[in-house]
Amino acid sequence: MLKKLTVDNFRCLEEFEIEFGGLSLLLGVNGAGKSTVFEVIQRLCDFVVGHKEVDEVFPRSTITRWQKSANQIFDLLIDGPGGVYDYTLMIAHHPERGTAQVFHESLTFNEHPICVFENGKLRLPGPSGSSAKKNDFPFDRSLSVVGRLSPRGRRDRLSWFKQFMSRLIVVGPFSHGIGSIAHAEDAVLDADGGNFPNWYRHISQERQDLILEVFDKLRPVIGGFRSLTLPEGGSDQRLLRVKIARDDKQKKVIDYSFEDLSDGERILIILYTLLFANRGLGYALLIDEPDNFLALSEIQPWLMELQDLCDDGEIQALLISHHPEVIDYLGPENGIWLKRKPNCPTEVAAGPDAADESLSLSEVVARGWE
Amino acid sequence: MPRKVALVVYCEDRQHWAFIRRFLEITRPGAYREIRPKISPKGRGAAENWVLKQYADALRNYRNKSRPKHQVMLMRDVDASSFGERLSQFDRASDEASIKKRQPGERVAIFLPARNIETWFAYLNGETVEETRTRTYRKLDQESDCAPCVEQLARMCGEGKLRRGAPPSLEKACDEYNARVKGKVPATAGSARR
């Protein structure tokens, strides 16, 4: 479980620390830095398990505007089986050359190093945990050594960490860009959910038992819903289709293309699939405004399902929302409040004073809580 | 299909809500599409009068024929008061709002754990409990830790009786649930006991 993120010199995050629970809701006005928190986590995933180069993932444009330092620092604390993983990344930007390089990257478990990259050299602890120079190897300063290192022998903890990073899903589903064609199988869902057919094609192969549960959950949510199918569509393509029955006896089933559904129906399918196709597998879901496009009456039932899965440790979820339904349901217990003044860094702040119980939390927020 | 709320639940804190939510999910499959929580904005353990303040409106809405038909559940700890005093506060609240008191047969159920819901948890966890104004039991570390207690209660409900030594406020809650939520004929005194 993601426990704590520390960031220095990335956009509006300067000497910034935030701690997460099993279910957290990031709250704050526009521009407070909520989505930037998600962006950092997404970029760290891209760097470590997406195998992208540091220049591409952390370009110079991501440096805090009012900072003079050209160094960026990121640190992730993760609760894992038996202890705490600590991943640290330090990047040095070179303004003259317009390039960036990793000058420190490390992964520790309960403060014992798993691997350390510094000054262009990878250091692996010896059999007794020693860090003798004979275990030093040169390594490319533009790549993640943690991501590239082969998890063998005693480095099974490295394997766990990499799997955890690959199971962080950062998404702000936006139904307009989501079609029906699954060109391929994608293991990673895009930030806007636009490749949902490809991602669904991937998970439907791997997790058939969980997909049946997704269908069960969707049946009372979408009138007449029976199942999702992926028939062949020629040239190695498959088409994401939705079977809708006219009545409970399943007669007169019509096979719709996924894009024939309404915006809200598509988002509901994505949201319930995110929950129930990923449960129990160590996923963390970071969902930016899940309430977009949803009917008012559909928000709370999904939140209740989410809350149960998080409470039972089946998934971790971090949400961003401005919706009153979400704020009132999760805000009092699970809210993390962010605030920021113009040209100043984001801060984690105390939330609104809850002394006045005659107002809902969303009403307090609507009136301006800062 | 469109959600149809059949039960509005008023709780003074998140622990009450976790308990009720999980109980309903076990005993009424698909309940999440039927229930609508109204929880004190203050959060955990800090809003003892909030449910009482909502009561008159809840009763008014329940009786309003132009509103969708629904049932109501309210939960409030007895705390240092007494069960009878707490219950009569609800009647006084309807009097003050100039509306008729809750009538027999109205699907508005009031649950009053005494001294608080932790007494119920202790009993459901197998402890011998005494329900007094002063005796308190350990709070759960997390709200979701009530899940085994809820499963135990659902099992007892399925068998139609509580294990010996049940706190009186839980026995009354079972009678209230059967009569006002499930719509069964009010149980006779003591019928919920083994």
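The contact between the two chains is considered first. In the predicted model, 28 residues of chain A are in contact with 23 residues of chain B, and the two chains bury about 2,200 Å² between them, of which 43% lies on carbon and sulfur atoms. On the side of chain A, the residues that lose the most area to chain B are A:Met304, A:Glu333 and A:Glu357, which together account for 29% of what that side buries. The size of an interface is often given in this way, as the accessible area lost when the parts come together.

A salt bridge is formed by A:Asp311 with B:Arg22, where the closest N and O atoms are 4.0 Å apart. The elements that give two or more residues to the side of chain A that touches chain B are H8 and helix H9 (324–334) of chain A, and H8 of chain A gives the most, with 9 residues. By residue type, this side of chain A divides into 12 nonpolar, 5 polar and 11 charged residues.

The largest pocket holds about 510 Å³ of space. Its lining is made up of 25 residues, of which A:Gly22, A:Leu23, A:Cys310, A:Asp311 and B:Gln142 lie nearest the centre of the pocket. Helix H4 (156–166), H8 and H9 of chain A are the elements that give two or more residues to this lining, and the lining residues divide into 9 nonpolar, 9 polar and 7 charged.

Over all chains, the count of salt bridges comes to 31. One of the salt bridges pairs A:Glu305 with A:Lys217, the closest N and O atoms being 3.4 Å apart. Because A:Glu305 lies in helix H8 of chain A and A:Lys217 in helix H6 (residues 208–218) of chain A, the pair ties together parts that are 88 residues apart in sequence. Side chains of opposite charge can pair when their charged atoms come close.

Two features of the backbone complete the description. Most residues other than glycine have a negative phi, and most peptide bonds are trans. A:Glu15, although not a glycine, has a positive phi of about 45°, and A:Glu15 is found in the loop between strand S1 (2–8) and strand S2 (16–19) of chain A. In chain B, a cis peptide bond with an omega of about -10° joins B:Ala114 and B:Arg115, and B:Arg115 lies in the loop between strand S4 (108–111) and helix H4 (117–124) of chain B.

Methods:
Residues numbered from 1 in each chain as written. Chains lettered and ligands numbered in written order. Predicted model: local features only at pLDDT ≥ 70, side-chain atom pairs only at ≥ 80, totals over all residues. Heavy atoms only, no water. Contact = heavy atoms within 4.5 Å. Buried area = accessible area lost by both parts, 1.4 Å probe. Salt bridge = Lys/Arg side-chain N within 4 Å of Asp/Glu carboxyl O. Helix = DSSP H or I, 4+ residues; strand = E, 2+ residues; numbered from the N terminus. Nonpolar A, V, L, I, M, F, W, Y, C, P; charged D, E, K, R; others polar. 1 Å grid on protein atoms, 1.4 Å probe; cavity = no way out; pocket = protein on both sides within 12 Å on 5 of 7 lines; lining within 4 Å. Points joined across faces, edges and corners; volume = space filled by probe spheres on them.
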